[in-house]
Amino acid sequence: MAKVAFLGLGVMGYPMAGHLAKAGHEVRVFNRTTVKAEAWAEAHGGGFGATPKEAVEGADFVMCCVGNDDDLRQVCLGEDGAYAGMSSDTIFVDHTTVSAKVTAELYAEGQAKGISFVDAPVSGGQAGAENGVLSIMCGGAHASYDAAEPIMQAYGRSIKRLGESGAGQLTKMVNQICIAGVVQGLSEGLHFAEKAGLDGRAVVDVIAGGAAGSWQMSNRYETMIDDEFDHGFAVDWMRKDLGICLDTADEVGASLPLTALVDQFYKDVQKLGGSRWDTSSLIKRLRAMG
Ligand code: NAP
């Protein structure tokens with residue numbers, strides 16, 4: 001069993017860190033809002049640090065799941081940051097969804113200090129984190145990935161190295177690009193059914209097993225019909241992710257017209273007050289339009 005630090009106890013991080021403790025690892029956590037770290041430590045019999053530096057000292061592995069690029073820089077860098085507390089044997093695994101740019105920065109900064117950095121964004125949402133069945137898309141050196149993979153098994157079901165540093169984040173971008181169009185299509189289908197006077201549940205029952213079916217359809221149609229949007233992956237996070245996808249598409253010369261359009265639709269959802277609604281709330285926008 002390993003000494004593992006976990007930084008960021010949000011919707012995803014709190015249960016992920018819990019799985020590490022349940023797997024028998026010695027876990028020390030850090031959370032910006034310390035009361036959450038205290039509660040986690042009490043519930044799981046682990047420890048917590050007042051700063052990232054304090055939490056990571058002596059750890060073999062440091063896992064991190066915060067919000068965006070700037071949050072990741074804040075947690076890693078500076079005199080109280082994680083990098084100040086890690087030794088050259090430590091492997092840092094970042095589960096935050098961030099840009100390829102910050103990943104390259106922190107990978108290089110790590111190399112200068114002898115710290116290994118694995119980018120490892122996740123998909124599977126809140127339920128995936130709570131049930132320990134996340135998909136984890138990794139980039140980084142073979143040896144660092146091979147060492148970290150058994151630790152990630154505590155909360156991952158499908159874990160894969162896609163290439164050198166940054167490949168995990170690029171794969172997560174593909175994931176988000178694919179989801180954006182599917183959610184909009186499902187929203188339009190359910191909205192049309194409502195307007196046409198059909199029973200949405202009966203419609204999904206008959207079409208979900210055919211070519212129109214999707215994970216989104218099977219797992220979100222009921223709450224979309226019921227106008228409930230509290231599945232955890234917030235619209236603000238989706239806009240962050242789509243922004244990263246669109247910036248990267250410019251850099252690599254890819255054309256993402258549908259992704260750009262759906263990003264604007266999510267902007268409308270934010271204006272409706274939906275920043276923390278889950279991503280299936282695109283249907284709210286259609287309902288608001290009439
Ligand atoms: P969340 O619930 O908002 O939690 C964010 C965590 O990051 C909190 O622990 C927060 O601390 C911490 N944090 C934010 N800014 C910070 C800063 N500047 N310094 C230190 N700590 C900071 O977010 P989440 O839903 O767990 O998502 C985390 C990441 O996973 C995001 O990149 C998201 O895109 C990605 N993701 C989420 C899902 C999902 O379904 N939720 C699925 C796949 C990927 P406080 O408690 O102090 O606010």
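User: Before we look at this predicted model, what do buried and exposed mean here?
Analyst: Both words go by relative accessible area. Under 20% counts as buried, and the cut-off for exposed is over 50%.

User: Okay, which residues on the other side of H6 are exposed?
Analyst: Helix H6 covers residues 100-113. Across from its buried side, three names pass the over 50% cut-off: Lys 101, Gln 111 and Ala 112.

User: And why do the buried residues of H6 line one face of the helix?
Analyst: The buried ones are Val 102, Thr 103, Leu 106 and Gly 110. Look down the axis of H6 and they line one face, because they all fall within an arc of 100 degrees.

User: What do those buried residues pack against?
Analyst: Their partners include a strand, S6 (116-119). The rest of the list is helices: H4 (69-76), H5 (82-85) and H9 (167-195).

User: Let's move to the ligand. How far is the polar side-chain atom of Thr 33 from an oxygen atom of the ligand?
Analyst: Thr 33 is one of the residues that come nearest to the ligand, out of 26 around it. Its polar side-chain atom sits at a distance of 2.4 Å from that oxygen.

User: How much of the ligand's accessible area does the protein cover?
Analyst: On its own, the ligand has 900 Å² of accessible area.

User: Which element gives the most residues to the shell around the ligand?
Analyst: H4, H7 (125-131) and H12 (235-252) each give two or more residues. The top contributor, with 3 residues, is H4.

Key. Residues are numbered from 1 along each chain as its sequence is written. This is a predicted model: local features need pLDDT of at least 70, side-chain atom pairs count only at pLDDT 80 or more; totals for chains, interfaces and linings use all residues. Side-chain values use heavy atoms; hydrogens and water are left out. Helices (H or I, at least four residues) and strands (E, at least two) are DSSP runs, numbered from the N terminus. The expected span of a helix is 1.5 Å times one less than its number of residues. Buried means under 20% relative accessible area, exposed over 50%, partly exposed in between (1.4 Å probe, protein chains only). The arc is that of the directions from the helix axis to the C-beta atoms. Contact means heavy atoms within 4.5 Å. A residue is near a molecule or strand if one of its heavy atoms lies within 4 Å of it. A polar contact is a pair of N or O atoms within 3.5 Å; within protein, one must be able to donate a hydrogen and the other to accept it, and residues adjacent in sequence count only if both atoms are side-chain atoms. Accessible areas come from the Shrake-Rupley method with a 1.4 Å probe; for residues, only the protein chains shown count as cover.
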